[in-house]
Every structure is written in C-alpha cells, then in structure tokens.
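Have the viewer open as you read.

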Amino acid sequence: MDRIDVPQGTLELLILTILHRTPLHGYGIAQLLSERTESLFQVNAGSLFPALHRLERDGILAADWRTTDSNRRAKYYRLTAAGKKQLARETERWRRITAAIASVQEAI
Amino acid sequence: MKLLSRCRSALNWLFRRRKQEADLAEELQTFIDFSAADKERAGLSAPEARRQARLDLGIEGVKEQVREVRSEFLFGSSWQDIRYGCRMLVKNRGFAITAVLTLAIGVASATTVFTFVRAMLFQPPVGVVEPDRVFGTYMRLKVFDKDYGDYRGFAYPQFEALRQVQDVYSTMVWYARRMAVISIGDYADSVSLEYVMGDHFAMLGTVPTLGRAIDSRDDVVGGPPVAMISYELWQSQFGGTADVLGRALSIDGQNFPIIGVAPKSYVGVDLDWVQFPQVWIPLRNAPILNPTSTILKTRGAWMRVLGRLKPGVSQAAAEARLTQLISVVNDPTDKYHPDFVALAPLSHARINPRMRGDMSGFFAVLMTVSVLILLAACFNVGSFLIGQAATRKHEMAVRLALGASRRRLIRQLLTEATILGFTATSIGFLFSVLLARIAANLPPFFSGFQLYSGPSIEPDVLVFALGLGLITTFVFGFIPAVLVSGRDPWLGMKNSRGGSWGGSRVSPRQCVLVLQVTLAVVLAVTGALYSKSLYHLTQLNPGFTADRLLLADVNEVKIPTDQREAFDRALLSQLRTLPGVVSATISAFPPTGGGLPRLQFRIPGVDQESYFMAVELVGPMYFETTGTPVSVGREFTDTPSDQASVIINELLARKLWPNSSPIGKTVETNGMLRQVIGVVPLPNCWDHLSEPDPCVFIPLDTRTTKTMEIKVTTYNGMAETFRHAVRELNPNVLIPQIRTIEDHLYERLSVQIIASSATGVLAALGVVLSAIGCYAVFSSMMKERTKDIALRLALGAPASRLIGHIVMRSVILCGTGVATGTALAVLIATQFEEQLFQVRPADLTVLTGTAVLIIAVAVAATVVPCRIIARTDPASALKTL
C-alpha cells in the first residue's frame with residue numbers, strides 16, 4: 001500500500017494521543033505512528049520536530065533527557081496539564097469533523 | 001499561560017543559545033541513530049544505513065525550522081523581525097530619533113501629570129495602615145434644603161461630644177495647623193506646625209524614621225513639651241544624625257525636646273496648605289506656646305477631624321449616626337448651624353472637599369495640556385510610520401508578490417512600531433524620573449509642588465507609561481500596516497516610484513498633518529492666553545513703588561512683650577542711620593501679603609452694630625517707605641497721639657463719607673475710638689491681585705511676628721547689614737526671612753508663573769512638533785516625486801513655480817488645521833476662563849498671532865525640503881529612476 005503524508009492539521013492530535021499513554025522520544029513517536037497505521041502514515045522529521053518544539057514552546061508538552069533501553073540519551077516528551085486539556089479539545093474537534101463528514105456521505 | 005511559556009522559551013533561546021543548539025543537535029542525532037539501527041536490522045550495511053538515515057532527516061533544514069519555531073514570541077514576531085526592524089529604524093535614524101523623542105516627551109508629561117494629580121486627589125498619605133477605613137469628617141450646612149457645599153471643621157467641644165459615640169469610630173482625632181517660628185542655633189524659620197492628639201499617629205499607623213511618634217503619654221494637660229520633626233527638617237538642620245533625639249527645638253521661643261523624626265516624604269494628611277508641616281506637637285502643649293490660646297474653642301475649616309471606622313460600619317451608616325447626634329451637640333447661639341455630617345475617605349480628604357472643585361480646575365488644564373502633548377506626539381509617530389510605510393510600498397509589493405502573507409507584513413510593521421514604542425516609553429520614563437528630581441529641588445516658594453518628590457515613580461506608573469507608549473505605537477502602527485499590505489502588488493510596484501503631482505486626493509499622512517496643526521494651535525493658544533494673563537498680572541500697579549525695597553521678617557517671641565516696642569523703635573532709628581538705607585518702617589504683614597486679620601468696626605453714633613473690617617497694622621513712615629502716596633491727609637508719625645488714629649483706603653472713604661472730607665472723623669475699632677488722619681488710594685489693604693475691599697490701617701501693636709520694610713539704595717550686602725544690626729541690638733530676635741520686594745511679588749504670582757510657564761513650554765513643544773510634521777510630510781512627498789519634478793523641470797517648468805505650488809499646498813493644509821484648532825482652542829479656553837486674568841478666551845491678538853506664527857512655521861518647514869527641487873538635475877534624476 002502507498003504511504004501517505006499525515007493529513008494536514010492532524011499531526012498535533014496524533015502526537016498528543018501517542019504521548020497520552022507514555023512519554024516518548026522523537027523517533028519513537030514516528031515509529032509508533034507508522035506501526036499503528038500499519039505504515040499508512042508517514043511523518044517526516046521536517047514536520048515532526050518543528051511540531052514537537054512548537055508544542056513544547058507553548059507549554060503543551062514538557063521534555064526531559066532520559067536513558068533508553070539501549071543505553072542512549074534521548075529527549076523524552078510528555079503531556080503537561082495544559083497538554084491534557086488540549087488533547088481533550090482536539091479529540092472532540094476531530095470527532096465532530098469525522099461525524100460531519102460521515103453524515104454528508106450518508107446523505108449522498 | 002501560553003504567552004508566558006513562549007516568552008520563557010524565546011528568552012531561553014536567546015540567552016542559552018549554545019546549550020539549546022547542542023540539545024537540538026543531540027536530539028536529531030539520536031533520531032538518526034535509531035533510524036540507522038532499524039535500517040541495519042532490515043538488512044542494509046552499516047554505512048549505507050547511516051547514509052540513508054541522514055538523507056531521510058535533512059538535518060540542517062529541520063534545525064532551521066525548529067530555530068524559527070523557538071525564537072517566535074509576542075505577536076509571533078521573531079528575533080529576525082526585530083533585528084530587521086531595528087535596521088530599518090537605524091536607516092531612517094533622523095525621523096526615528098524625532099519620533100522616539102517626541103513620544104518620550106509625550107509619555108513623560110502624561111506620566112508626570114498623572115503621578116502628581118493622583119497623589120494630590122486620590123492617594124492616602126504614605127504609611128497609613130488600611131487607609132480605606134479612615135475618613136475625614138466634616139459638618140455641612142443646608143440652605144433651603146440645598147446642600148450649601150461648605151465642609152467645615154468642628155470646634156473642639158463639638159468633637160469631644162461626637163467622640164462619646166462608641167459605635168462609629170474606633171479612634172477619632174482632631175488636629176489643627178498654625179504657623180510658628182522655629183530656631184536652632186543661628187537658624188530661624190517660619191514653618192507650619194500641627195497640633196495632634198495622642199492617638200493621631202497610632203490611628204494612622206505612621207512609623208517614625210527615628211525615635212517615637214507622639215502618643216497618649218505626651219498628650220496630657222500640663223504635660224511636658226515634646227516635638228516630632230519632619231524628615232526634611234532633620235536632614236537640613238540636624239544633618240540626619242541620630243543624636244537629634246532629646247535636643248531642644250525652639251518653637252516660638254519655647255524649648256521642645258525632639259522625640260522623633262517622621263518618615264521620609266510624610267507631609268501630613270492635608271495638602272491644601274501652602275506649606276507642609278515640619279513640626280508636630282501634642283494638642284495639649286498648645287498653652288505652652290500661647291497661654292491664652294483659643295484654639296480649643298474656635299472652629300473653622302482648618303480644624304480637621306479624622307476617624308477610623310469600626311469594622312462593619314459603612315460610610316453611610318456613620319454619616320447617619322453622626323448627623324443624628326450633631327443636632328444634640330449644636331450650640332443654639334452658633335451662627336453656623338450644621339445640618340449634617342459628611343465623611344470623605346482619607347484618599348479624598350487630603351484636600352478639603354470644598355476646595356477639590358477649585359483645584360481640579362487647575363488639574364484639568366494640566367491634564368488637558370498633557371493629553372494634547374501626548375496626542376501631538378502620537379500624531380508625529382503615526383505620521384512617521386505612515387511615511388515609513390509609504391516609502392516602502394515597493395518593498396512591500398515585492399514581498400507580497402513573492403508570496404509573503406499579508407499577516408507576515410503587518411507583523412513586520414507592527415514589530416517596528418513596537419520597537420519604537422518601547423524605546424520611546426523607556427526614555428520617556430527616564431524623563432519623568434528626572435522631572436520629579438528637578439521638581440523636588442525647586443525653590444521653596446514652589447512648596448506646593450514639593451509633594452512631587454513624595455510620590456516616587458511606582459511600578460504602576462511604569463505600567464501606565466508603558467501602556468500609553470505601546471498602545472499609541474500599536475494603534476498608529478496598525479493603520480499604515482493594514483493600508484500598505486492591502487495593496488495590489490502589481491499596482492504597488494508600478495506606482496511606487498513616481499506618481500503625479502496633481503493628485504488632489506488627501507493622503508492619510510496629510511490628514512495627520514492637519515490634526516497635528518490643530519493640536520499645535522490649541523496648545524499655542526492655551527500657552528499664549530496664560531502668558532498674556534500673567535503679563536497683565538505683572539503689569540498691575542501694586543499701588544506702591546516696588547523698587548529697592550527689602551522685606552525682613554522679625555520674630556520677637558524671645559523678648560518680653562513690654563520691651564518689643566522699644567526694640568522696634570531702636571532698631572528703626574539705628575537702621576535709618578546706616579549708609580545705603582533711605583528709610584525704614586515696620587508692619588504686621590508685608591505689602592501684598594494676604595491673610596490680614598479683621599476687627600470690629602463701626603462709626604459711633606451712626607452704626608448700631610459693628611462689622612468686620614480688614615486691617616493692616618503699620619509703623620511710622622510706612623507709606624513713605626513703601627512709596628504709597630497718601631492722597632488726602634498725612635501718615636502715621638512717631639508722636640504718641642497718633643496711636644489713636646487711623647488711615648483708610650479710598651473705597652471706604654467714598655462709602656462712608658461720599659460728600660465730605662473724612663479727615664478728622666471718628667471711627668471705632670475693637671471698642672477703641674480713632675481719628676481718621678489720612679486716605680490712601682489702595683483698592684484694598686492686602687493684595688493688588690484681589691478684589692477691591694474697604695479696609696483700614698492702624699498703628700502697630702506689640703505682636704510677635706512683623707515685617708520690616710527697608711528702602712535701600714542697593715540690595716548689595718544689605719541683608720547682612722540688617723542681620724548684623726539686629727544681632728548687635730538684641731541677639732534674641734529671630735530673623736526667619738529676608739527678601740526683596742521683587743522676589744516677594746514674584747512669589748505671590750508663583751502659581752500663575754508655574755501655570756503659564758508649563759503651558760508655554762508645552763505650547764512651544766507643540767509648535768515644534770507640528771513643524772517637524774510639516775517637514776516630514778513634504779520632504780517625503782518631494783522624495784516620492786523626484787521623477788515627476790525632474791520631468792517637469794526638463795520640460796521647462798520654472799523651479800519657483802513648483803515650489804510655489806508646494807508652499808500653497810502646505811498653506812492650505814495648515815490653514816485647515818489652524819481654523820479647526822482656533823475653534824477648538826476657544827472652546828477649551830472657555831472652560832478655564834476663570835483662571836485667566838483680564839483675558840477673554842477669544843482674544844483677537846492671541847488668536848491671530850498664533851495663526852500667523854503657525855502658518856509661518858509651516859511654510860518655513862515646507863521650504864526646507866524644496867531645496868531638493870532647486871538642486872534636482874533633471875538628466876541624472878531621470879536616468880537613475
């Protein structure tokens with residue numbers, strides 16, 4: 001199956017959803033994203049890192065350096081309290097968008 | 001929250017750049033390592049896996065994107081925008097500096113006036129605990145159910161009765177002020193003294209800098225004398241040393257040990273006095289100063305009452321309760337029959353509510369003028385920003401065409417405006433701090449403004465100034481930003497260089513210019529009206545020859561009453577023999593002194609009841625020395641029989657004896673019969689600035705404080721000669737002050753001088769601002785049209801005609817401004833008409849003079865850029881464009 005870029009405007013939601021379960025470093029997020037969508041979504045580093053840093057800058061994510069299982073230092077991102085609120089808002093927004101699209105499709 | 005986090009991030013990025021860069025590099029390297037490891041597991045060779053992982057990431061591109069995200073902060077501007085903005089401002093530094101300075105001056109004047117007015121009208125004294133529970137308490141009168149508007153003080157017995165009410169105030173204090181002569185060693189001065197009760201400072205919560213405040217131990221009948229002095233007196237006369245405690249301060253000749261020093265800048269509660277108190281003594285020490293003091297019986301607006309409300313008692317409840325009580329307390333024979341009690345919160349009670357209205361007139365003018373200056377500065381900044389945007393039409397159009405978003409361009413222009421505003425505000429703030437310093441060091445007769453050093457520039461004032469500056473530049477930066485970025489890029493590029501003359505379309509910048517001129521006119525007219533009013537005041541004939549007259553206050557409190565007259569006589573005859581002295585005399589109050597006493601006056605056999613008449617007490621040769629002509633009769637001489645005589649002013653003479661000579665007529669003052677010996681042509685006895693009022697002069701008695709008038713041939717060294725003469729005769733006589741009549745008259749006019757010089761300076765500033773505006777508008781107009789000018793010159797148009805065209809345009813624009821400005825100025829001036837002396841708001845000379853001046857300045861400011869035309873070489877101009 002062809003790999004497609006993450007739809008515009010959803011990268012943030014996807015990052016927040018993934019980090020909601022567990023703190024993760026940049027590569028881990030990209031991997032998880034690709035695994036969960038069975039390699040359908042491809043997120044390139046050029047979008048991922050600016051997005052992560054923007055969220056960190058705005059206080060939605062926080063980050064700290066930890067050692068991975070393979071004994072490497074990596075920057076782990078996690079949700080802040082503001083991040084959790086943001087995730088709830090984004091999820092609700094997404095639910096409404098998909099519902100709206102579905103209702104249009106049903107009508108036709 | 002988000003904003004805070006952004007600022008922190010941007011600051012981190014700025015100041016911990018190296019660490020941040022290293023972190024970013026490491027983070028991306030980890031990504032590559034993980035990615036390479038995965039690729040290796042999938043079967044690639046190690047070097048190939050690494051190569052592909054690097055390629056996938058595009059490390060430098062990602063870094064650059066992250067950097068941009070990181071450095072963004074307020075309004076989404078990045079450091080890049082700020083750097084670019086600074087470069088643009090530096091490039092146009094001439095106008096940028098002007099804009100920054102004008103805005104700085106505007107912010108400084110607004111901040112200064114704001115601080116001053118707030119301190120006078122809305123702030124409790126420094127160091128008061130829970131000031132909103134402390135209330136000034138007054139009694140008021142109703143006439144025909146109408147509020148009479150008078151806020152009177154309570155007589156002490158009334159206060160005592162009110163104090164018995166237990167359910168309103170937890171503490172209630174009564175206090176009063178008077179002038180007193182203090183001396184320490186050789187130094188003597190007449191200062192303001194406040195009588196306070198034992199719980200006065202405890203109620204306010206005032207903590208002295210040194211020693212202790214006056215408390216209930218001190219305020220007992222027959223208690224020993226104690227005094228608390230002001231911080232300023234401590235600094236100036238005791239060198240700010242701790243051993244001041246226990247030292248004796250002589251007050252009206254009596255020794256008072258000093259027990260404490262008030263906090264710095266503590267000027268007492270009341271601000272509606274010429275001088276702030278320097279000394280506080282217990283109320284029950286009053287008999288020490290004056291055994292026959294009536295202070296505990298009389299009543300007037302200068303007797304003040306303060307109280308701290310009990311918890312849970314509201315202002316309305318307290319007023320109702322005290323009003324109910326006051327009718328019981330009332331003395332039925334009292335002429336002033338108070339009808340109700342009114343309270344005012346401490347912050348509003350520092351100026352008697354009765355006087356707040358009068359004072360707010362002056363404050364209103366100050367505020368109006370400072371707001372106008374700020375507006376003028378805003379227009380200048382706006383004009384600068386519009387001009388900036390206009391000359392960058394081309395740049396903006398190119399950026400738009402290359403795909404920059406409109407948002408991005410507006411952001412850029414706003415960033416520049418914000419830089420401008422921030423710089424200007426910071427400088428303006430420094431200006432206002434400087435102004436406060438200067439005001440604090442003004443000569444003593446500006447004493448009312450000493451307060452100015454009191455309210456230090458506080459954080460909220462900083463916020464106020466910052467807000468003013470930033471909002472101004474934001475608003476004035478936003479309009480041009482929207483205008484410019486909204487252009488069709490194609491049109492923008494096509495028209496950006498050249499354009500034609502003819503365009504009668506009025507540009508936003510020209511609108512701003514008209515507004516600027518309008519403001520300049522308003523300011524100039526205000527300044528001119530005040531100056532003219534001041535001129536009238538100085539030209540007013542004081543009724544005497546104000547020339548080479550020395551005024552010396554003498555205080556004889558330390559010599560026995562029965563020796564005072566002999567001393568005066570001896571001193572005067574001694575003075576008259578001195579070289580350089582023409583004549584010398586003595587009076588109770590200086591000429592044009594104000595504050596004369598009134599005594600009971602009647603014509604025996606004519607008037608049944610006596611009435612109160614203003615009186616000045618003078619010695620022999622008073623009129624000769626002060627150069628006042630005696631129109632009928634003669635003046636007082638040294639002969640004892642003159643003790644029972646009186647001199648009246650012409651107004652009184654016409655009133656009493658319209659058809660006969662007043663000389664030899666008998667009048668009665670305070671029960672004593674006196675013969676009229678002379679008439680003087682003075683409108684009143686105290687002040688040529690005040691309304692005419694009938695009044696009398698009588699021979700001086702043995703009062704403690706007097707003024708000596710010495711007519712001299714030169715002022716040089718005469719003050720020293722006088723001091724020496726007094727010291728030789730009697731070293732116990734104090735000399736608080738020696739001044740020339742010119743200084744004295746100047747002091748009497750100080751408020752008018754302050755008002756007219758303040759408005760004058762501001763008005764001049766306004767005119768300069770509008771000149772700068774004219775210059776900026778026309779020079780940029782000229783630059784934009786160099787091509788057009790060159791073309792016309794090449795085709796043979798004479799330069800003079802082009803210049804004429806531009807000047808005409810400037811005159812039309814400024815003329816519009818002058819017309820609206822004049823109308824507005826008259827409208828505003830009618831609001832403060834009562835502050836003007838013999839000048840009407842629509843004063844023709846002032847209005848035409850201002851109009852001519854402003855238009856002349858505008859034309860001059862237009863002609864300067866016209867040199868561009870004269871210098872233009874058509875061939876080169878056309879080639880380069």
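Is Arg72(A) buried, partly exposed or exposed? With a relative accessible area of 26%, Arg72(A) is partly exposed. The terms work as follows: buried means under 20% relative accessible area, exposed means over 50%, and partly exposed is in between, with a 1.4 Å probe and protein chains only.

A word on the ground rules before going further. You are looking at a predicted model, in which local features need pLDDT of at least 70 and side-chain atom pairs count only at pLDDT 80 or more, while totals for chains, interfaces and linings use all residues. Residues are numbered from 1 along each chain as its sequence is written, chains are lettered from A and ligands numbered from 1 in the order in which they are written, and side-chain values use heavy atoms, with hydrogens and water left out.

Back to Arg72(A). Its side chain meets that of Asp33(B) in a salt bridge, at 2.1 Å from N to O. A salt bridge here is a side-chain nitrogen of Lys or Arg within 4 Å of a carboxyl oxygen of Asp or Glu. Over all chains, this rule gives 33 salt bridges. The pair Arg72(A) and Asp33(B) crosses between chains, running from the loop between β4 (61–67) and β5 of chain A to helix α2 (residues 17–41) of chain B. Helices (H or I, at least four residues) and strands (E, at least two) are DSSP runs, numbered from the N terminus. Asp33(B) counts as buried, because its relative accessibility is 15%.

Now widen the view to the whole interface. Here 24 residues of chain A are in contact with 22 residues of chain B, where contact means heavy atoms within 4.5 Å. The two chains bury about 2,200 Å² between them, 59% of it on carbon and sulfur atoms. That buried area is the accessible area (1.4 Å probe) that two parts lose on being put together, summed over both. The rule finds 3 salt bridges across the interface of chain A and chain B, and also 6 residue pairs in polar contact, both at pLDDT 80 or more. A polar contact is a pair of N or O atoms within 3.5 Å; within protein, one must be able to donate a hydrogen and the other to accept it, and residues adjacent in sequence count only if both atoms are side-chain atoms. On the side of chain A that touches chain B, α2 (26–36), α3 (45–57) and β5 (73–79) of chain A each supply at least two residues. The most comes from α3(A), with 9 residues.

Chain A itself has 4 helices and 5 strands. Read from the N terminus, its elements run β-α-β-α-β-α-β-β-α. Of its 108 residues, 44% are buried. Among contacts in chain A with a separation of 6 or more, 52% are between residues 24 or more positions apart. The accessible surface of chain A is about 6,400 Å², with 52% belonging to carbon and sulfur atoms; such areas come from the Shrake-Rupley method with a 1.4 Å probe, and for residues only the protein chains shown count as cover.

Chain B has 27 helices and 23 strands. Of its 881 residues, 51% count as buried. When contacts in chain B between residues at least 6 apart in sequence are considered, 80% join residues at least 24 apart. Its accessible surface comes to about 39,800 Å², and 60% of that belongs to carbon and sulfur atoms.

Chain B also has salt bridges of its own to look at. In one of them, Arg178(B) pairs with Asp252(B), the closest N and O atoms being 2.5 Å apart. Arg178(B) lies in strand β4 (residues 169–184) of chain B and Asp252(B) in the loop between β8 (248–251) and β9 (254–261), so the pair ties together parts that are 74 residues apart in sequence. Arg178(B) is partly exposed at 25% relative accessible area, whereas Asp252(B) is buried at 10%. Another salt bridge joins Arg634(B) and Asp642(B), with 3.0 Å between the closest N and O atoms. Here Arg634(B) is partly exposed at 40%, and Asp642(B) is buried at 3%. Finally, look for Arg212(B), Asp215(B), Arg217(B) and Asp218(B), which are linked in a network of salt bridges.
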